[in-house]
Amino acid sequence: MKYTKEQRLDIGRRIYSGEISKYKAAEIYDISYQTAREYMRLYRNVNHLPPKRGRTTSANHSSISKIALESKDLETYQSMSKEELIQELVKARIAEVRLKKAFCF
């Protein structure tokens, strides 16, 4: 099957985000495992994202999901006091360090 660039990027996004595995994408979209991997790399390169390092554990996935759910939009930050903003900055820095440690191994 021939997919457009947008479709390939969407497949790559699903793989990169962990929504589906390369093997599942190959099965769903009737492509090879290697093609699915190339779609993920295409998505990663187009969006200037870092390569994934090894396998992440379910604990890493849950912490990443938790951080993503805790992210707030601009309007929420605009309504916060200075102390609340400092607290959010500290939380963000802690989360960043934790993620760096999780991906170093």
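**Helix 1 and the core of a predicted model**

Tutor: The largest nonpolar core here has 14 residues, and Tyr3, Ile11, Ile15, Ala25, Tyr29 and Ile31 have the most contacts inside it. Helix 1 (5–16), helix 2 (22–29) and helix 3 (33–46) each give two or more residues to this core. Mind that this is a predicted model, where local features need pLDDT of at least 70, side-chain atom pairs count only at pLDDT 80 or more, and totals for chains, interfaces and linings use all residues. Residues are numbered from 1 along each chain as its sequence is written, and side-chain values use heavy atoms, leaving out hydrogens and water.

Student: What makes it a nonpolar core?

Tutor: The term means buried Ala, Val, Leu, Ile, Met, Phe, Trp, Tyr and Cys residues joined through side-chain atoms within 4.5 Å. Buried is under 20% relative accessible area, with a 1.4 Å probe and protein chains only. Ile11, for one, touches Tyr3, Ala25, Tyr29 and Tyr39, leaving aside residues up to four places away in sequence.

Student: Which residues of helix 1 are buried?

Tutor: Leu9, Ile11, Gly12, Arg14, Ile15 and Tyr16. Their cover includes helix 2 and helix 3.

Student: How do you know what span is expected for helix 1?

Tutor: The rule is 1.5 Å times one less than the number of residues. Helix 1 has twelve residues and reaches 16 Å from first C-alpha to last, close to the 16 Å expected.

Student: Which residues make the contact between helix 1 and helix 2?

Tutor: Ile11, Arg14 and Ile15 of helix 1 meet Lys22, Ala25 and Tyr29 of helix 2, with contact meaning heavy atoms within 4.5 Å.

Technical notes
Buried < 20%, exposed > 50% of the residue type's maximum accessible area, 1.4 Å probe, protein only. Helix = DSSP H or I, 4+ residues; strand = E, 2+ residues; numbered from the N terminus.
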